Amino acid sequence: MEGNGEIEGDSRKGVKEMEIERIKSIKDLPPEENVLPGTPTCAGCGGLLALRHCMKALGKRVVIVNAAGCFTLLSIYPFTPFKNSWLYTAMACAPAGAQGIRDALDILVKKSRLDPEEDLKVVVLTGDGAAYDMGLSSTSGAIYRNLDFYYICYDNEAYGNTGFQRSGATPFASKTGTTPPGRISPIGSELPKKDLFEIWNSHKPPYLATISPAHPVDLINKFKKAEQYKGPKLFIALSPCPPGWGIDSSYSVKLAKLAVDTGIWALKEAVFGEVKHTVVPKRFKPVEDYLKEQGRFAHLFKPVRREEALNKIQEMVNEYWNRHKLLL
Amino acid sequence: MLTGNAAAAWGVRLAEVDYIPVYPVTPQTEIIETLAKWISDGDMDSKLVTMDSEHSMITAAGAASATGVRAFTATSSQGLMYGFEMLYTVAGWRVPLVMVNVSRGLSSPITLEPDHNDVLAARDSGFLQIHCETCQEVLDSLLMAYRLVEDEQVLLPVIVNMDGFYLSFTREPVEVPELETVRKFLPPYQPRHAFFKASQPMAQGVAVLGGSMYSYFKYQMHLASQNALNVYKEVCGKFEKEFGRNYDTIEGYMLEDAKYVLVMTNSFSTLGKAAVNKARERGIKAGLLRLRLIRPFPVEDITGALKGRRAVAVIDQNISIGKGGILHSEIASCLYNEKQRPHLLSFIGGLGGKNISPGEFEFIFDNMIKVRGVEGEGEKTSQLLYTETEWKEMARLKGIAGKG
């Protein structure tokens, strides 16, 4: 029956964290490659780099359940870059696809129709459009049902595959195809980025983390930690998008790093709702260092400096870190 | 005595379905509540999960089917619409999912009682469609449906349809077969096409770029659906051998010498059969053709049953706004190239569960008898059935609403 009667509510918090073997440097990254080169993603795709690291952590015994987005084009008949299985669903319902596969695998193993050795980890892979907007209901449902799955959201802060239009993940002042800075609306997007981490965290899933392709050690350690939990294990990867962000394809990692160093992208994790920051810069760089590198924020600097908007972005970042008492 | 919904639940139980993602919607809900109770009581070894929407429900059912279990789900009306995107998607996965649709008119105006705009909206999706008249037929069709779509020549999902209220909540005598007999008819599902396992990585539902690849896969679905016509006949024969009940793609009622034939589907066919009896009493050589298998469309069977008749009236319990009856168009396409083609009339009736009264049936038979030449009345456009009493009642209600 539903829920398996295994959900024990807040008593889950009592589960003691197991000691995990952490890696210390990029030299310790798993050497195996489970996403092979030759994909049709754009040069410098930050999301693909994040995914490559995630798949190193997850291994081969995986079925990826994909929602419509850039990464749908990873598997185009008759090719796939993955060593694992794949199911493309539709934009709104990859977590529901994961539910069907997880339940079916459990049933097959339980009824002795599938060798437990053949079992798979079920991994949802979606962009921010699906995660923040259209697929929020199916994601909430899957977390609520305590589905044993992984969720990787590659968040490039807009509908990238359709050419970069505003999504719920688009930050304040970003230029996108549907928030073009103009005479009436000089700032671009006037809405701040939706806080998906907190939305997901309100469900108190066993494990939830933000990750960055520029911090692979932090990323791998988070997957190692997540592995001990049965239930939803969710990851949001800020993913620089060279064509959308208006950066050179060689700058992706630099931008991903700057997002963390300026405090714009907080690297953190939450275990059953308890949030902990995993990388806190010793000294935060000014947000301008991050913004001025990107074409999507160029209108904040030229032809006139949009002081108010720039201050607002800095204040939002300061407010976040103050709230978490981490601004030194 | 079982309701249509309970008969559907018995079909699922006897088919020993492994997995049932659900979402409540009237008038289908009794099916999933019945299954939930059986599972809770240990009478059925299945897993039932309440999903967050029909869109998620059809996705989960299809994905489970693509992993290799026998899956079932059920919906109605708005629910079918909400999950609509996934009908096409799951059909393209080529998985043998069985779904019950309990027909209900579509919003707006929002309503509860049946017509077939919901299920017929899904006619191009790749799901096969079996439409039922009786509660027994619902149970039997579920068993036949699994056998049909799990055949390797088919591997497409299927909708088994029944009318909301008129069948879903109507109790009729139903013979519930023995599980051992069902097992002889319906062996366990052995997925050889779609499954997930570690030793054999498989990419399913992948994108294609370009029309030639896309067409290839769509043509394959069409050809598989056509294969289902022959497979259906085999399944039908085996079902009759095991259970003694025969369900052809179409059902003829007093057709043998009939000159004037009604074409109907689902539970209202019972009203049509009563009208045929009455017309016979009046000396009219009346008959009825009930369409059961709507997808694939059994063109040859239908043509065989209708050619040479003097007039045929298709009563569509649906309306394609701006065109008329959906099945009328489909029947017309079967008959157009026939030398002995009958006059073909189109009527819309029973929308949102509106009754079709004996007077309306008389009107239809009179129209069939009157019709002359290709320019006959009712041959080019659909006639909308509505009685004077209904008209007066509507006028009264409009008065109350201040629009009198």
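The model is predicted, so local features need pLDDT of at least 70 and side-chain atom pairs count only at pLDDT 80 or more, while totals for chains, interfaces and linings use all residues. Residues are numbered from 1 along each chain as its sequence is written, and chains are lettered from A and ligands numbered from 1 in the order in which they are written.

I begin with the contact. Chain A gives 40 residues and chain B gives 41, where contact requires C-beta atoms, placed from the backbone, within 7 Å. On the chain A side, strand 2 (85-88), helix 2 (94-110) and helix 4 (136-144) each give two or more residues; helices (H or I, at least four residues) and strands (E, at least two) are DSSP runs, numbered from the N terminus. Helix 2 of chain A has the largest share, 10 residues.

Strand 2 of chain A also runs parallel to strand 7 (residues 203-204) of chain B, joined by 2 bridges; pairing requires at least two DSSP bridges. Here A:Trp86 stands opposite B:Ala203.

I turn now to strand 6 (residues 158-163) of chain B. This strand is largely enclosed by the rest of the structure, because 6 of its 6 residues are buried (20 or more other C-beta atoms within 10 Å of a residue's own, C-beta atoms being placed from the backbone). On one side lie B:Val158, B:Val160 and B:Met162, and on the other B:Ile159, B:Asn161 and B:Asp163. Strand 6 of chain B pairs in the parallel sense with strand 4 (residues 98-103) of chain B over 6 bridges, and with strand 5 (residues 128-131) of chain B over 4 bridges. B:Met162 partners B:Val102, and B:Val160 partners B:Ile130.

Definitions and conventions. Two residues are in contact if their C-beta atoms, placed from the backbone, lie within 7 Å. A residue is buried if 20 or more other C-beta atoms lie within 10 Å of its own, exposed if 12 or fewer, and partly exposed in between; C-beta atoms are placed from the backbone.
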